[in-house]
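Subject: Structure for your review

Dear colleague,

Please find the structure below, handed over for your use. My notes on it follow directly after.

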Amino acid sequence: ENVTDIPDSFWGATHWVEVLVQGGTDADVAAAIEGARGHTVWTLGSTSVAVPKVGYASGSVTIRFSRPNLVDVWTSLTITKGEDYSTDNSPAAVSAREQAIRQQILAWSATRKVGIDVTAFQVAAQASATPSVPGIASISATVGLANPPLNQVVVADPRDLLVFDAARILLAGV
């Protein structure tokens, strides 16, 4: 939001609000914003929707808002087995452990907010907390925006939502 008379560096405008929205239809979001905004406040964003409005020459007002930029994240984890780790190395058991670790990471990632960075340590901590895979001694992890992930951190811009997918969670040593 810029409530000042000084144009900002991003939009180059004054007296504006940008609403960053997840979910809802564009029409419903635009109608809700129009119902809540002050008439001297411009709405800015990457999505524009005409909302019917009595008293306007065109019969509508354009409401703008933004949706997050979805940024795909890759992660690679190498598991070091500890004393309590399962000795069952059958394909079914290994697959079940891999699926459980991936689901643990995906459940955590689904709660993350827009604009929040992710570190390899955070991903490793989630993997090590997988309830059905006890006995992990340590995890070496990396994250990145491409395969292979080579970094310790992925930095999110203010409008970026870092997105994980089971296919981009690479596991070794499971």
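Does Thr-47 count as buried or exposed, and what is its relative accessibility? Thr-47 counts as buried because its relative accessibility is 16%, where buried means under 20% relative accessible area, exposed over 50%, and partly exposed in between (1.4 Å probe, protein chains only).

Before the details, please note that this is a predicted model, in which local features need pLDDT of at least 70 and side-chain atom pairs count only at pLDDT 80 or more, while totals for chains, interfaces and linings use all residues. Residues are numbered from 1 along each chain as its sequence is written, and side-chain values use heavy atoms, with hydrogens and water left out.

Thr-47 belongs to strand S3, residues 47-52; strands (E, at least two residues) and helices (H or I, at least four) are DSSP runs, numbered from the N terminus. Not counting residues up to four places away in sequence, Thr-47 touches Asp-26, Ile-63, Arg-64, Phe-65 and Arg-67, contact being defined as heavy atoms within 4.5 Å.

In a regular strand the side chains alternate between the two faces of the sheet. S3 runs antiparallel to strand S4 (residues 60-65), and six bridges join them; two strands pair if DSSP finds at least two bridges between them. Within S4, Val-61 is the bridge partner of Val-51.

The segment before S1

Asn-2 lies in the segment before strand S1 (16-18). Its relative accessibility is 8%, so Asn-2 counts as buried. The side chain of Asn-2 makes a polar contact of 2.6 Å with the side chain of Thr-4. Here a polar contact is a pair of N or O atoms within 3.5 Å; within protein, one must be able to donate a hydrogen and the other to accept it, and residues adjacent in sequence count only if both atoms are side-chain atoms. A polar atom of the Asn-2 side chain also lies 2.9 Å from the backbone oxygen of Ile-6. Leaving aside neighbours within four places in sequence, Asn-2 is in contact with Pro-7, Asp-8, Ala-13, Thr-14, His-15 and Trp-16.

His-15 is found in the segment before S1 as well, and is partly exposed, with a relative accessible area of 28%. Although it is not a glycine, His-15 has a positive phi of about 50 degrees. A further backbone feature is the cis peptide bond that joins Asn-147 and Pro-148, with omega about 5 degrees. Pro-148 is placed in the loop between strand S8 (136-144) and strand S9 (153-154). Most residues other than glycine have a negative phi, and most peptide bonds are trans.

Aromatic rings

How many aromatic pairs are there? The count comes to two, where rings of Phe, Tyr and Trp (its six-membered ring) pair if their centres lie within 6.5 Å, and planes under 30 degrees apart count as stacked, over 60 as edge-to-face and the rest as tilted. The rings of Phe-10 and Trp-11 have their centres 5.1 Å apart and their planes at 85 degrees, so this pair is edge-to-face. Phe-10 counts as exposed at 51% relative accessibility, while Trp-11 is partly exposed, with a relative accessible area of 26%. The charged end of Arg-159 sits over the ring of Phe-10, 3.9 Å from its centre; this requires NZ of Lys or CZ of Arg within 6 Å of the ring centre and within 35 degrees of the ring normal.

Val-114 lies in the loop between helix H2 (91-109) and strand S7 (118-119), and counts as buried at 19% relative accessibility.

Ile-139, in strand S8, likewise counts as buried, at 19% relative accessibility. Ile-139 touches Leu-77, Thr-78, Ile-79, Ala-124, Ala-127 and Ser-128, not counting residues up to four places away in sequence. Ile-139 and Ala-127 are 12 residues apart in sequence, and their C-alpha atoms are 8.2 Å apart in space.

With kind regards
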